[in-house]
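Hi everyone, thanks for making time today. Let me put the structure up on the screen, and then I'll walk you through a few places in it.

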Number of protein chains: 2
Amino acid sequence: MRTYLDCIPCFLEQALRAARMMTNDEEKVKNILNTIVYMMPDIPLSSTPPEIAAQIYAKINDIAENHDPYQAIKRESTKRALALYPMMKEYVAMANDRLLAAIKVATVGNLIDYGVASNEIKIEHEVADLLEQDFSVCDYEAFRKRLEQAETLLYIGDNAGETVFDRVLIEEIQKPVIYAVRGGPIINDATREDAMQAGLDDVAEIVSIGAAIPGAVLEMCSPEFRSIFSDASLIISKGQGNCEALIDKKGPIFFMLKVKCRVMAKVLGLHEGDIVLKQNPDGYI
Amino acid sequence: MRTYLDCIPCFLEQALRAARMMTNDEEKVKNILNTIVYMMPDIPLSSTPPEIAAQIYAKINDIAENHDPYQAIKRESTKRALALYPMMKEYVAMANDRLLAAIKVATVGNLIDYGVASNEIKIEHEVADLLEQDFSVCDYEAFRKRLEQAETLLYIGDNAGETVFDRVLIEEIQKPVIYAVRGGPIINDATREDAMQAGLDDVAEIVSIGAAIPGAVLEMCSPEFRSIFSDASLIISKGQGNCEALIDKKGPIFFMLKVKCRVMAKVLGLHEGDIVLKQNPDGYI
């Protein structure tokens, strides 16, 4: 999916938030913001939003000389999600359809996102609310059938903490899973280390997409990851960044996400706040 | 109140919305947006947000060669608000305290704001909801006492359509009222023509603040308006733009507004969406 003009104010909003995470000096924040402002007129709208975001966050990190500003937040998110793990397991165990319940859990986990939300996310409260919310799109039958036939399953992760919710779903999938993480720190997205803190190495093989980009833009991913992607008989794409990167790609992809902005809502024909299990419109099933 | 770095993404959001109102050609929209983007690093944060907004909207109107892009929207807002007028009058008539009810009506009318909201505002539904909402700050006793003593009353209007809600309050005030409008078209703010369409010329003397600016920044207003301002024994300031312009000024000012962004919320120590009747913190009562 391309970048829209609507993304420009949002990129600056994100830049402001990221800069403030790194310094309390508003003069420095202003300088960082202005640097990003001057980048805006030249951004190629034909690129996907995660590609632009990767450039913006890299620039901010360079200026602030901080390679991984979200590290502490990521650890905290994982810790708090792990505390919710028993509740999630019980939610699945009590469900009539365990797989569907686990998909709901994994999708609801996408509420954790420090690229979008500035305030501390009250995940404990929001998880309970979101679990009550119906999917706006739920291509569950297609997913279930595809899963039955699948041999190689690729699960493309999104944020740290959300990883724990992903683990709940992977534990319900009775097949080998490859779990893909970012190739380096980018916003609060999960890296290998974050996935391991969530215990994902016990239930999946962890691989890197090969780039520090908040969405698996295939052209920027490693040849190894692209090979895994093209060989997979079922691909789960978590979160908005991966959806932005992959919505135009062919393949047996199922997107699980919370819709977090009006652009994504428009592209998917949905509303902000919706939770979605959506088969790739170009999928070959 | 000064401008905050948080206002920069918001200004661009507003610029995008304004540009799209004037053209469907995304290339033209992009050119307009980029022009505004390049203005951002040089905006003086010591200025009030309405001063910056006035420059931005003037620049957009210049580029698009459209002096009053919100004219049709303003007419429509006034028309729809006039259709609600009988309901508002009944709401006041049924109330235990007519004045307080009319203040609520006038404040709720501040939901009409095309600077903030992009979608068509469903005023018919939102008015009913907001009338049920309690004031987060309600300096009503101070207001009532001040009104009893007041001889000259200045009412600084905000948006077209909201004008009709203002009329309901002015009709409950048993004193002569001077109603101030913008000196020229700016966003959907009320000009003399808009105020007259709301019937305000029947219940008040209409004056201009003397500038096309979406908030009564005194330094930019006419000497005539400044004189009325300093002579007034009670000033009602409607909406966020006027509040941004006047919050640091001395005088017997009461702000009536819906809090529309996180910056205003922080300045007032309130939350977005709150409705407020707030005595000027520096007021001399």
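Predicted model: local features only at pLDDT ≥ 70, side-chain atom pairs only at ≥ 80, totals over all residues.

The predictor gives the complex an ipTM of 0.88 and a pTM of 0.91. For chain A, the mean pLDDT is 94, and 96% of the residues reach 70 or more.

So where do the two chains meet? Chain A brings 16 residues to the contact, and chain B brings 16 residues as well. On the chain A side, helix 1 (7-22) and helix 2 (26-39) each supply at least two residues. Helix 2 of chain A gives the most, with seven residues. If you sort that side of chain A by class, you get eleven nonpolar, one polar and four charged residues.

Now let's stay in chain A and look at a helix pair. As a general point, two packed helices are described by the angle between their axes and the distance between the axes. Here the pair is helix 4 (residues 71-93) and helix 8 (residues 162-172) of chain A, whose axes come within 8 Å and cross at roughly 30°. That angle makes helix 4 of chain A roughly parallel to helix 8 of chain A, and the crossing is right-handed. Which residues do the touching? From helix 4 of chain A we have Thr78(A), Ala81(A), Leu82(A), Tyr85(A), Met88(A), Lys89(A) and Val92(A), and they meet Thr163(A), Val164(A), Phe165(A), Val168(A) and Glu172(A) in helix 8 of chain A. By class, the residues of this contact are eight nonpolar, two polar and two charged.

Moving along chain A, Ala95(A) is in the loop between helix 4 and helix 5 (98-108). Ala95(A) has 15 other C-beta atoms within 10 Å, so it is partly exposed. Setting aside neighbours within four places in sequence, Ala95(A) contacts Leu100(A) and Ala101(A).

Most residues other than glycine have a negative phi. Glu65(A) is not a glycine, yet has a positive phi of about 50°, and Ile187(A), also not a glycine, has a positive phi of about 45°. Glu65(A) is in the loop between helix 3 (49-64) and helix 4 of chain A, while Ile187(A) is in the loop between strand 3 (177-181) and helix 9 (192-197) of chain A. Are they buried or exposed? Glu65(A) counts as exposed because it has 7 C-beta neighbours inside 10 Å, whereas Ile187(A), with 26, counts as buried.

Over to chain B. Helix 5 (residues 98-108) of chain B is mostly covered, with eight of its eleven residues buried. Among the buried ones are Ala101(B), Ile103(B), Lys104(B) and Val108(B). The cover includes helix 4 (71-93), helix 6 (123-132), helix 8 (162-172), strand 6 (253-258) and strand 7 (275-279) of chain B.

Last stop: Ile213(B), in the loop between strand 4 (205-208) and helix 10 (223-231) of chain B. Ile213(B) counts as buried because it has 25 C-beta neighbours inside 10 Å. Not counting residues up to four places away in sequence, Ile213(B) touches Pro50(B), Glu51(B), Ala54(B), Arg182(B), Ile186(B) and Met220(B).

Conventions:
Residues numbered from 1 in each chain as written. Chains lettered and ligands numbered in written order. Axes fitted to C-alpha atoms, helices over the stretch in contact; angles between N-to-C directions. Helix = DSSP H or I, 4+ residues; strand = E, 2+ residues; numbered from the N terminus. Parallel < 35°, antiparallel > 145°, perpendicular 65-115°, else oblique. Left-handed = near helix turned anticlockwise from the far one by under 90°. Contact = placed C-beta atoms within 7 Å. Nonpolar A, V, L, I, M, F, W, Y, C, P; charged D, E, K, R; others polar. pLDDT = per-residue confidence, 0-100. Buried ≥ 20, exposed ≤ 12 C-beta atoms within 10 Å, placed from the backbone.
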